[in-house]
Amino acid sequence: MHKTSAWPLALLYVGLVLYASLYPFDGWRDQGISPWFFVTAPLPKYWTGVDVGINIVGYVPLGFLFALSALRTGRDRAPVLAATLAACLLSLAMETLQSYLPVRVPSNVDWALNTAGALLGAVTASLLERFGAIDRWSQFRTRWFVADARGELVLLALWPVALLFPAAVPLGLGQVLERLEAALADALEDTPFLDWLPVRDVELQPLVPSAELLCVLLGVLIPCLLGYCVVRNVRQRAVFAPLVVALGLGVAALSAGLSYGPNHALDWLSLPVHVGLWAGLVLAGLLVWLPRRVCAPLVLLALAVHVSVLNQAPTSAYFAQTLHTWEQGKFIRFQGIVQWLGWLWPYAAMVVVVGRIARRVPGKTKIAA
């Protein structure tokens, strides 16, 4: 029996699948057909390689995480079968519910491809376990991270995924204020409570270069400090920080390339962004000796300042057009997953860090050299 990060990751991924499968959640109605008609319907005449790939790849992590959870906890004697069946039933439920959404089209091919993807992921997890790769990861985790690092490791694994959705400020996650205000106003429309909403005297203004620099600096520093809360010693931190920053920059470039084209993958590297990146990396290097008991409150402060400054900026018209490309174009099935991660990651990190501070054990936070 092992404690594993695979189970919370699997549950989170299920929630993201729910969102991606049922987006945009509008226009629910009974269309006068059986919700299971697609099971025996003729195969569709038209399909694309992108659709096939997305339906398979989208369920590979789910099958992998389900199987890995069962393998590491020892709760199931047939983890591959159980993981595939669970993912198959989830896909069936999603396709069935799509029959009540006029903008979505349930498909037996999608169901079969989802199940195939889950099977591929489950078999991969089983093979990795059989050949000892999972045990080697466990040994690596024991050498590098403290025992109660599961929450932080889940967040660090999700951080680069959250960066895939285009951000108004590079490495800026958690910009939700404008969307929350609009959603609340829509929900309260035609009710007397609409007058209770605060009205801005001045519209949100674009960030000045110094504020953008600060957001980028904190965007670099936050994942480093979060890692410092669980990485065991100084030398490991010195390796961890540049690796995680390089990963974040690579994903940000990939996001820009997907949004604007490969030739514009690095156009976001303006002067304030350059300065913020280098300042954040230098500061992360200077803090490698910081005790873990200090890292947790510091990352909490950095998160609070980051989201506070970021949410004082509006979404530019050009950036809004980029979001429209994701939400209406070829990324529509993918955007829901990474968009929610980009919105919620900083606030989830706050919860995890507060939990670490609350359960701090005296005498266990000293950093080895």
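In which hand, left or right, does α4 pass α5? The crossing of α4 past α5 is right-handed. The model is a predicted one. The protein comes to 14 helices and zero strands, so the run of elements from the N terminus on is α-α-α-α-α-α-α-α-α-α-α-α-α-α by the DSSP assignment of helices and strands. Of its 369 residues, 45% count as buried. Among the contacts with a separation of 6 or more, 84% are between residues 24 or more positions apart.

**Helix α3**

- Helix α3 covers residues 60-73, which is 14 residues.
- From its first C-alpha to its last, α3 reaches 20 Å, close to the 20 Å expected at 1.5 Å a residue.
- Helix α3 is mostly covered, with 10 of its 14 residues buried.
- Those buried residues are L62, G63, L65, F66, A67, L68, S69, A70, R72 and T73.
- They pack against four helices: α1 (6-22), α4 (79-98), α5 (108-130) and α6 (133-144).

**Helix α3 against α4**

- The axes of α3 and α4 cross at roughly 140 degrees and come within 8 Å.
- That angle makes α3 oblique to α4, because only angles over 145 degrees count as roughly antiparallel.
- The crossing of α3 and α4 is right-handed.
- On the α3 side the contact is made by L62, G63, F66, A67, A70 and L71, and on the α4 side by P79, A83, A86, A87 and L90.
- By class, this contact of α3 with α4 has 10 nonpolar residues, one polar residue and no charged ones.

**Helix α4 against α5**

- The axes of α4 and α5 cross at roughly 155 degrees and come within 8 Å.
- Helices α4 and α5 are therefore roughly antiparallel to each other.
- From α4, the residues in the contact are V80, A83, T84, A87, C88, S91, L92 and E95.
- From α5, they are D110, W111, N114, T115, A118, L119, A122, V123 and S126.
- The contact of α4 with α5 has 10 nonpolar, five polar and two charged residues.

**C88 in α4**

- C88 lies in helix α4.
- C88 counts as buried because its relative accessibility is 17%, and the cut-off for buried is under 20%.
- Leaving out residues up to four places away in sequence, C88 touches W111 and T115, both of which are listed for α5 in its contact with α4.
- Y59 is 29 residues from C88 in sequence, and the two are 9.4 Å apart in space, C-alpha to C-alpha.

**Helix α9 against α12**

- Helix α9 (residues 209-228) packs with helix α12 (residues 292-310) at an angle of about 150 degrees, and their axes are 9 Å apart.
- That makes α9 roughly antiparallel to α12.
- The crossing of α9 and α12 is left-handed.
- In α9 the residues that meet α12 are A211, L214, C215, L218, G219, I222, L225, L226 and Y228.
- In α12 their partners are R292, C295, L298, V299, A302, L303, V305, H306, V309 and L310.
- By class, the contact of α9 with α12 has 16 nonpolar, two polar and one charged residues.

- The 13 residues of α7 should span 18 Å at 1.5 Å a residue, and its end C-alpha atoms are 18 Å apart, which agrees.
- The buried residues of α7 are E152, L153, V154, L155, L156, L158, W159, P160 and A162.
- D148 is found in the loop between α6 and α7 (150-162).
- D148 is partly exposed, with a relative accessible area of 35%.
- D148 touches R356 and R359, not counting residues up to four places away in sequence.
- In space D148 and V230 are 7.9 Å apart, C-alpha to C-alpha, although 82 residues separate them in sequence.
- L171 is found in the loop between α7 and α8 (177-187).
- L171 counts as buried, at 5% relative accessibility.
- L171 has a positive phi of about 65 degrees although it is not a glycine.
- Most residues other than glycine have a negative phi.

Conventions:
Residues are numbered from 1 along each chain as its sequence is written. This is a predicted model: local features need pLDDT of at least 70, side-chain atom pairs count only at pLDDT 80 or more; totals for chains, interfaces and linings use all residues. Side-chain values use heavy atoms; hydrogens and water are left out. Helices (H or I, at least four residues) and strands (E, at least two) are DSSP runs, numbered from the N terminus. The expected span of a helix is 1.5 Å times one less than its number of residues. Buried means under 20% relative accessible area, exposed over 50%, partly exposed in between (1.4 Å probe, protein chains only). Contact means heavy atoms within 4.5 Å. Axes are lines fitted to C-alpha atoms, for helices over the stretch in contact, and angles run from 0 to 180 degrees between N-to-C directions. Angles under 35 degrees count as roughly parallel, over 145 as roughly antiparallel, 65 to 115 as roughly perpendicular and the rest as oblique. A crossing is left-handed if the near helix is turned anticlockwise from the far one by less than a right angle, and right-handed if clockwise. Ala, Val, Leu, Ile, Met, Phe, Trp, Tyr, Cys and Pro count as nonpolar, Asp, Glu, Lys and Arg as charged, and the others, Gly among them, as polar.
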